[in-house]
Amino acid sequence: MESEIWLSLHTARIANATFFISTMVSIWIAARFASVARENDAPVLMKAIISVFALSGFAFGWMVITRALNSWVVQASALSSLEESGTELSPLAGQFVEMYGGEFLTNPGPIGMAYLISGLLIAILPLWLKDNR
């Protein structure tokens, strides 16, 4: 049974990786749109649309990373329930439960937040700040 829980975790990690790649691509697209808009002196409406796109990418990334981390919490809970039913867990599973067991997360953690905030700023700031040339 423990091996099935591990298999479920690793299967979820494939989907999470795909979503994370889409987050990275959306940050890149927003930054690229902002760069082109700045080079071409885009009107305010276009800057606003690009800003909404960047903010949407930020929110999507926040959700993706938080859900990925919560999949670890779910797996730790499943392993903990297995242990409570009388099944002896492997040492690795015991450490996993100690590390990730607990309440669901509502944010992507400090590293995820730093990544998403910096990506948002890379896309938004050049769009709205004046150049000092």
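The largest cavity has a volume of about 60 Å³, the volume being the space filled by probe spheres set on grid points joined across faces, edges and corners. The structure is a predicted model, in which local features need pLDDT of at least 70 and side-chain atom pairs count only at pLDDT 80 or more, whereas totals for chains, interfaces and linings use all residues. Residues are numbered from 1 along each chain as its sequence is written, and side-chain values use heavy atoms, with hydrogens and water left out.

A search of the whole structure finds one cavity of 30 Å³ or more, a cavity being a set of points, on a 1 Å grid over the protein atoms alone, where a 1.4 Å probe fits but cannot get out, with lining residues having an atom within 4 Å of a point. The largest cavity is lined by S26, I27, A30, A54, G57, F58, L116, G119, L120 and A123. Helices α1, α2 and α4 (109-128) each supply at least two residues of this lining, and the largest share, four residues, comes from α4; helices are DSSP runs (H or I, at least four residues) numbered from the N terminus.

The axes of α1 (residues 2-39) and α2 come within 9 Å and cross at roughly 170°, where axes are lines fitted to C-alpha atoms over the stretch in contact and angles run from 0 to 180 degrees between N-to-C directions. The two helices α1 and α2 are therefore roughly antiparallel to each other, a term that applies to angles over 145 degrees.

Conventions
Angles under 35 degrees count as roughly parallel, over 145 as roughly antiparallel, 65 to 115 as roughly perpendicular and the rest as oblique. On a 1 Å grid over the protein atoms alone, a cavity is a set of points where a 1.4 Å probe fits but cannot get out, and a pocket is an open set with protein on both sides within 12 Å along at least five of seven lines; lining residues have an atom within 4 Å of a point.
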